[in-house]
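Me: I would like to learn how to read the features of a protein model step by step, beginning with the helices and strands and ending with single residues. Could you take me through this one?

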Amino acid sequence: HYGTSWAAIEEAQKGGKCVLLELDAQGCASLRRLSASPVRTVLLAPPSAAILEERLLGRGSECSQQLASRQEHNRKLLSGVQLCEAETEAGDASATDLSMFDKVVVQHSFDKTAEILYRLVFHPEDPGVQPRVIG
């Protein structure tokens, strides 16, 4: 067992706090399915598959088999992000591969990503955070 307990999440929510969790796609899907409270999800996506691969290799935290598996999963996810970006530019912001995420934030820089996340949490009505793909 790992992660944050449901009891801790519910206690924070009862106290009026905004709960921010870092989850993989499987955890995101579980949270959406199991939570009785409204859930907003944001995918933090790298600007490209090459940059993601560079980041994963730089960590050195996975064996080669785990790394290959993650790279394949992430390639599929990033192709969905690119599809979503193209649809957003064309005026159609529906990307079914990414349907579990309310927003996709492309991480070009730490400061810009932090600013966007702050606005998504504290000022979700801000027109700057209305597109489905931001960044």
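This is a predicted model: local features need pLDDT of at least 70, side-chain atom pairs count only at pLDDT 80 or more; totals for chains, interfaces and linings use all residues.

Reply: Let us begin with a term: helices (H or I, at least four residues) and strands (E, at least two) are DSSP runs, numbered from the N terminus.

Me: How many helices and strands does the chain have, and what pattern does the chain follow along the sequence?

Reply: The chain has five helices and three strands, and, read along the sequence, these follow the pattern α-α-β-α-α-β-α-β.

Me: In what order do the three strands form the sheet, and is the pairing parallel or antiparallel?

Reply: The order is β1-β2-β3 in an open sheet, and the pairing is parallel. The edges are taken by β1 (42–45) and β3 (133–134), each of which has a single partner strand, so one side of each is left without a neighbour in the sheet. Between β1 and strand β2 (residues 103–106) there are four bridges in the parallel sense; Val-42 has Lys-103 as its bridge partner in β2, while Leu-43 has Val-104.

Me: Which residues of β1 make up its covered face, and which its uncovered one?

Reply: The general idea is that in a regular strand the side chains alternate between the two faces of the sheet. In β1, the covered face holds Leu-43 and Ala-45, whereas Val-42 and Leu-44 belong to the uncovered one.

Me: Which residues form the largest nonpolar core?

Reply: A nonpolar core is a set of buried residues of the nonpolar kinds joined through side-chain atoms within 4.5 Å. The largest one here has 10 residues, namely Ala-25, Cys-28, Leu-43, Ala-45, Leu-77, Leu-98, Phe-101, Val-104, Val-106 and Val-133. At least two residues of this core come from each of α2 (25–34), β1 and β2. Another core, of five residues, lies apart from it and includes Ile-116, Leu-120, Val-129 and Ile-134.

Me: Which residues of α2 are buried, and which exposed residues does the face turned away from them carry?

Reply: Ala-25, Cys-28 and Leu-31 are buried in α2. They cover an arc of only 120° around the axis, which puts them on the same side of α2. The face turned away from that buried side carries Gln-26, Arg-33 and Leu-34, which are exposed.

Me: Where does helix α5 lie relative to the strands, and why is Thr-113 classed as buried?

Reply: Helix α5 (residues 110–122) lies across β1, β2 and β3 and runs at about 160° to β2. As for Thr-113, buried means under 20% relative accessible area, and Thr-113 is classed as buried because its relative accessible area is 8%. Leaving aside residues up to four places away in sequence, Thr-113 touches Leu-44, Val-105, Val-106, Gln-107 and His-108.

Me: Where is Pro-124 found, and which residues does Pro-124 touch?

Reply: Pro-124 is found in the loop between α5 and β3, and, with a relative accessible area of 34%, is partly exposed. Not counting residues up to four places away in sequence, the residues that Pro-124 touches are Arg-40, Arg-119, Val-129 and Gln-130.

Me: What percentage of the 135 residues in the chain is buried?

Reply: Buried residues make up 27% of them. The chain exposes about 9,200 Å², of which carbon and sulfur atoms supply 54%. Among contacts between residues at least 6 apart in sequence, 60% join residues at least 24 apart.

Definitions and conventions:
Residues are numbered from 1 along each chain as its sequence is written. Side-chain values use heavy atoms; hydrogens and water are left out. Two strands pair if DSSP finds at least two bridges between them. Contact means heavy atoms within 4.5 Å. Axes are lines fitted to C-alpha atoms, for helices over the stretch in contact, and angles run from 0 to 180 degrees between N-to-C directions. Buried means under 20% relative accessible area, exposed over 50%, partly exposed in between (1.4 Å probe, protein chains only). The arc is that of the directions from the helix axis to the C-beta atoms. Accessible areas come from the Shrake-Rupley method with a 1.4 Å probe; for residues, only the protein chains shown count as cover.
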